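Let's walk through a protein model together. Have a look at it first, and then we'll talk about how to read it.

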Amino acid sequence: MTLTDWPRTAADPDPRMASPAVASGMPKPISKTPGPVSDTPELASETKNGTGTKSSPGKLSRSQKLATGAIVAAALVLAGIGLYLSFEHVAVFAHRELRFGSLGNGQLFAVGVDVGIMIMIAVDLLMAWLKRPISWIRYPVWLLTGATVVLNAASGAPRNRAWELLDYVAAGAHGLVPVLFIAVVELGRDAIDRMVRPERAERDSIPWIRWTLAPAATARIFRRMRLWGVGSYPEMVRRDQELIAYEQWLKRKYKGDITKATEDQLLPMRMAPYGYTVAQALAMPDEQEQAAQEREEDAERRRLDAETRSEVAKAESEAERLRAKGKVEAVRAEVDGQTGQARAHARAQVSAAERAAELEEASLETAVIAEARAREAQAARVAGDEREAKAAADLRAADLERQAAQKRKEAAEADRVAAAEAQAVETAEIAEARQRAAEADRAAAETEKATAETRRRAAEADRLTAEENERKATADANTQAARKREADTEHAAAEARLAAAEIERRAVETEDTAKLMPRERAVRKVARMALAAGAEFVGLDADGIHRELCRVVSIADVQRAFDVSSTDTASKYRQEAVTLLADGYRP
């Protein structure tokens with residue numbers, strides 16, 4: 001077998017690795033690798049080293065369990081033999097050479113070292129079985145076992161003479177059994193680890209023939225495999241072959257002077273000790289540039305995000321400021337509105353008082369007019385009485401005229417009879433003339449009688465008209481008196497409302513000056529409502545003030561005055577007004 005007798009997978013390219021030609025401009029290989037020189041049918045890493053990657057089945061068969069039991073029993077026998085031999089040699093050596101004072105103390109020392117080693121080995125195997133291996137515990141075991149080996153070898157050293165070959169053999173024989181026991185323990189630990197963790201990646205070992213034929217190169221490969229966690233020996237060989245082929249390509253390109261290559265082209269040789277493949281090393285500049293670009297993009301993105309967050313924070317701060325300003329403006333508008341409402345109410349009350357005063361003046365003028373009308377009615381009644389008296393006089397005159405006419409008729413009739421009797425000899429013409437004259441007198445008397453009757457009826461009608469006018473004048477006088485009394489009452493009420501409006505105006509101005517809140521204004525207005533309603537609070541305690549205020553100001557009045565629907569709010573306004581009045585509030 002020669003150096004080229006490597007396993008078949010050592011020279012096969014890995015299809016997962018990208019070709020470095022794109023990153024570095026390296027051309028295709030000059031010649032095709034014909035494959036492995038030797039036709040070794042099996043893999044060195046599996047057949048020669050026993051490090052196959054196939055996992056064992058989860059459960060052991062009966063024969064495997066028997067074999068395992070036999071191995072464990074043999075290991076225990078080996079441990080017992082090693083402990084017996086080590087105990088005897090180390091105890092005697094500790095007593096004689098290490099000055100432990102007595103053989104018993106030397107035996108305790110030997111027992112302590114062996115028991116400590118066995119405890120740590122037991123813990124190591126147990127934790128490996130539980131899939132929780134403790135890697136550092138092996139090193140104290142190795143250290144104590146090495147100390148035991150040294151003590152055993154020292155117990156077989158010659159005394160008071162030079163060392164001979166047989167002495168070296170004897171010293172080695174004294175330390176052989178502990179070394180063998182530790183090897184068995186490590187084998188058992190690795191076996192347990194493989195059984196409980198079959199999925200754990202295996203690490204290939206390097207064939208011994210390579211160590212023999214190329215120790216320096218193999219040492220570099222071993223170092224890189226252990227440093228950079230490459231578990232596959234064929235993969236490591238493939239990487240080394242790619243690096244050698246790439247270096248040869250560079251020498252051919254630059255005619256043997258590899259120093260003419262660029263820094264990027266020399267990266268595979270410089271990065272190989274750090275576990276990089278040729279493709280990874282050649283791709284590293286692009287990856288670094290891409291990473292730098294991504295970092296710049298991330299920095300720019302973070303900067304833009306920071307600017308965006310700053311703008312958002314400024315916008316939110318501005319929005320909060322505007323909302324706060326809006327709330328202040330709303331409260332100010334509410335206060336101004338309530339103040340304006342109170343002022344408008346006060347102006348309305350003043351206007352109402354002025355209107356009431358005008359109405360009162362108009363009512364006074366109406367009362368004067370009514371009084372004038374009453375006097376006119378009285379005059380008309382007096383005139384009616386006079387007309388009635390005149391009608392009565394006319395009636396009496398008509399009666400007298402009628403009586404006179406009757407007497408004249410009777411006298412005429414007497415004259416006619418006397419004339420008839422005295423002048424019987426008068427002619428018929430004279431008698432007829434006299435008769436016509438008498439008839440005329442009679443007709444005149446009847447006419448006078450009718451005229452007198454008409455006058456009497458007219459006087460009666462005038463009397464009745466005068467009585468009706470008198471009744472109307474009396475009714476008008478009573479109406480005017482009632483209107484006057486109503487006008488007086490309205491005038492007094494207008495004066496009271498005017499005084500209340502003036503008090504309200506002064507209170508509103510005082511509240512504006514004091515910059516009271518709307519609730520405080522409402523409470524003071526409830527107190528003024530009670531005072532305006534005529535409530536007397538002098539000498540009363542809080543309960544008395546509460547009863548008096550509830551008597552004159554109801555909850556419904558408070559709800560109407562402040563346009564609130566909640567009876568609880570109105571009740572609280574009234575209760576706070578009681579407290580305010582009890583504290584001596586007077587507008």
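A: A handy term to start with: contact means heavy atoms within 4.5 Å. This is a predicted model, where local features need pLDDT of at least 70, side-chain atom pairs count only at pLDDT 80 or more, and totals for chains, interfaces and linings use all residues. Residues are numbered from 1 along each chain as its sequence is written, and side-chain values use heavy atoms, leaving out hydrogens and water.

Q: Which residues is Leu-581 in contact with, leaving aside neighbours within four places in sequence?

A: Leu-581 meets Ala-527, Leu-531, Phe-537, Ile-545, Leu-549 and Arg-586.

Q: How do I read a nonpolar core?

A: Think of buried Ala, Val, Leu, Ile, Met, Phe, Trp, Tyr and Cys residues joined through side-chain atoms within 4.5 Å. Buried means under 20% relative accessible area, exposed over 50%, and partly exposed in between (1.4 Å probe, protein chains only). Here the largest core has 19 residues, and Phe-537, Leu-549 and Leu-581 touch the most other members. Helices α14 (518-532), α15 (542-552) and α17 (567-582) each give it two or more residues, with α17 supplying the largest share, 6 residues.

Q: What about secondary structure: how many helices and strands are there?

A: Helices (H or I, at least four residues) and strands (E, at least two) are DSSP runs, numbered from the N terminus. The protein chain has 17 helices and 0 strands.

Q: Is Gln-559 buried or exposed?

A: Gln-559 counts as buried because its relative accessibility is 18%. Gln-559 sits in helix α16 (residues 555-562).
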